[in-house]
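Visitor: I would like to go through this structure with you and ask what lies behind the terms used to describe it.

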Amino acid sequence: MAAVSWTGGKDCALALHEATAHGLEVRLLVTFAPENPSFRAHPIPLMKAQAAAIGLPHMFLTIRPPAYDESYEAALRQLQEEYGITYLVTGDIDFIGASTTNYMNERCAAVGMDIFTPLWQRPRESLIQRLLECRFHIIFSCVKEASFPDSKAWLGRTIDATALADLRALHASRGVDVCGENGEYHTMVLGAPYFDHTLLLPPFTIESKDGLSCLRFEDATQTTVQGHAA
């Protein structure tokens, strides 16, 4: 049985899709988070709405600094012992920065849990194309202002063929990673092949802070059904 490391963004959502296609039985969505979490790029009410649309339980496991390794390993053991989880699925695409190791691979190995990383080192554009082919509905939720000259115009925008072409252009002109692997942008998924309904984006304003422009929801509990997923 598997759990998916969940943020609500495009990578974990595609990893869930690929894991089930691979034959893994996904039983749980899990978010590793600090105490009293509040995520600017991945609003928690939207994550809860996603879990309801998917029909899977969603839980938060607390990670307490500074002993990150021990905290993650304790969380993974909890998944093993309380939920019978034997596989962790992640949407990791590549090494972070200058690192030559995958952090979650190491934590899983330490507790004897298998890990499945179906997106690992696949060509960036092929991952976006896969999302488009499978008819995921994904919006930009946060962008780095230094990477996107018209940052506010990207927020709430759908990832589609036109957006992919624009990302290619930003890669050529500014070195932006097409998948946002250097933190250039973040996303939220409103619809996927395994959603039983598509989510409606709640009303939002835009918050600019610390070099980031992010969606800010006035009342994210207004996330509702838009229609049946394709």
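**Terms and the values behind them**

Guide: Please keep in mind throughout that this is a predicted model.

Visitor: What makes the pair Cys142 and Cys214 a disulfide?

Guide: The S to S distance between Cys142 and Cys214 is 2.4 Å, and the cut-off for a disulfide is a pair of cysteine sulfur atoms within 2.5 Å, so the pair qualifies. The structure holds one disulfide. Cys142 lies in strand β6 (residues 137-144) and Cys214 in strand β10 (residues 212-217), so the bond ties together parts that are 72 residues apart in sequence. Both of these cysteines, Cys142 and Cys214, are buried.

Visitor: How do you know that Cys108 is in no disulfide?

Guide: The nearest cysteine sulfur to that of Cys108 belongs to Cys12 and is 15 Å away, whereas a disulfide requires sulfur atoms within 2.5 Å. For Cys134, which is likewise in no disulfide, the nearest cysteine sulfur is that of Cys179, 14 Å away.

Visitor: Why do Cys108 and Cys134 count as buried?

Guide: Buried means under 20% relative accessible area; Cys108 has 0% relative accessibility and therefore counts as buried, and Cys134, at 14%, counts as buried too.

Visitor: Why is Ser151 called buried, and which residues does Ser151 touch, not counting residues up to four places away in sequence?

Guide: Ser151, whose place is in helix α6 (residues 151-154), has a relative accessible area of 8% and is therefore buried, the limit being under 20%. Not counting residues up to four places away in sequence, Ser151 touches Val143, Glu145 and Ser213.

Visitor: What makes β3 and β5 edge strands?

Guide: In the open sheet of five strands, with the order β3-β2-β1-β4-β5 and parallel pairing, the strands β3 (58-62) and β5 (114-116) each pair on one side only. From one strand to the next, the twist of this sheet averages 30 degrees.

Visitor: How do you know that β1 and β4 pair?

Guide: Pairing needs at least two bridges, and three bridges join strand β1 (residues 2-5) to strand β4 (residues 87-89), so the pair meets the requirement. The two strands run parallel, and the bridge partner of Ala2 in β4 is Tyr87.

Visitor: Which helices lie across strands of this sheet?

Guide: Among them is helix α1 (residues 10-22), which lies across β1, β2 (26-33), β4 and β5 and runs at about 150 degrees to β2. Helix α4 (residues 103-111) lies across β2, β4 and β5, running at about 155 degrees to β5.

Terms used:
Residues numbered from 1 in each chain as written. Predicted model: local features only at pLDDT ≥ 70, side-chain atom pairs only at ≥ 80, totals over all residues. Heavy atoms only, no water. Helix = DSSP H or I, 4+ residues; strand = E, 2+ residues; numbered from the N terminus. Buried < 20%, exposed > 50% of the residue type's maximum accessible area, 1.4 Å probe, protein only. Contact = heavy atoms within 4.5 Å. Axes fitted to C-alpha atoms, helices over the stretch in contact; angles between N-to-C directions.
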